[in-house]
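Hi,

Here is the structure I promised to pass along. Could you open it next to this email while you read?

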Amino acid sequence: MKLFLADLILIIHFAIVLFIIFGFCFPIFYKFKINFAKNYYIRIIHISLITIVLVETLLGVICPLTIIENFFRNSTQSESLIAKLLRDLLFWDFSISYFLFIYFVCFSWTVFIWFFFPPNKKIR
């Protein structure tokens, strides 16, 4: 059961990463008038998530999802094939300065698209 929960957390973590990555394509979706790219709540979630990633990196904090997954595994090693593949996609062995630079660029791009491809205003 613990390995199942660890794999579930890893899948959720991977889905969040995919959401953040696809969010960088909002200008393309915006141009083709795909409505979710203009959805205020989706855009708030996206900018919040990339901000959290940047702040975690600046503070040197490990992602809580990684901590929870490792707790359920009682180690830092994934055991199932799917978990191993997802971990290899999620966790790269580069210096912290590399990640800090990439996350800052991604955060800057997200702020840029927020202002130049704005979401619909929140309905009150």
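Predicted model: local features only at pLDDT ≥ 70, side-chain atom pairs only at ≥ 80, totals over all residues.

Residues are numbered from 1 along each chain as its sequence is written, and side-chain values use heavy atoms, with hydrogens and water left out.

The protein has six helices and zero strands, so its elements read α-α-α-α-α-α from the N terminus (helices are DSSP runs of H or I with at least four residues, strands runs of E with at least two, numbered from the N terminus). Its C-alpha atoms fill a box of roughly 45 × 30 × 25 Å along the principal axes. Of the 124 residues, 30% count as buried (under 20% relative accessible area; exposed is over 50%, and partly exposed in between, with a 1.4 Å probe and protein chains only). Taking contacts (heavy atoms within 4.5 Å) between residues at least 6 apart in sequence, 75% join residues at least 24 apart.

Now the helix pair. H3 (residues 40-59) and H6 (residues 96-116) pack at about 155 degrees, with axes 9 Å apart (axes are lines fitted to C-alpha atoms over the stretch in contact, and angles run from 0 to 180 degrees between N-to-C directions). The two helices are therefore roughly antiparallel, a label for angles over 145 degrees. Residues making the contact include Ile-47, Ile-50 and Leu-54 of H3 and Phe-99, Tyr-103 and Phe-107 of H6. By type, the residues of this H3–H6 contact comprise 17 nonpolar, four polar and one charged (nonpolar: Ala, Val, Leu, Ile, Met, Phe, Trp, Tyr, Cys and Pro; charged: Asp, Glu, Lys and Arg; polar: the others, Gly among them).

Thr-110 sits in helix H6 and counts as buried because its relative accessibility is 3%. A polar atom of the Thr-110 side chain lies 2.8 Å from the backbone oxygen of Cys-106. Beyond neighbours within four places in sequence, Thr-110 is in contact with Phe-24, His-46, Ile-47 and Ile-50.

Lastly, have a look at Lys-33, in the loop between helix H2 (26-31) and H3. Most residues other than glycine have a negative phi. Lys-33, although not a glycine, has a positive phi of about 55 degrees. With 64% relative accessibility, Lys-33 counts as exposed.

Happy browsing!

Conventions: Parallel < 35°, antiparallel > 145°, perpendicular 65-115°, else oblique. Polar contact = N/O pair within 3.5 Å; in protein donor to acceptor, adjacent residues only side chain to side chain.
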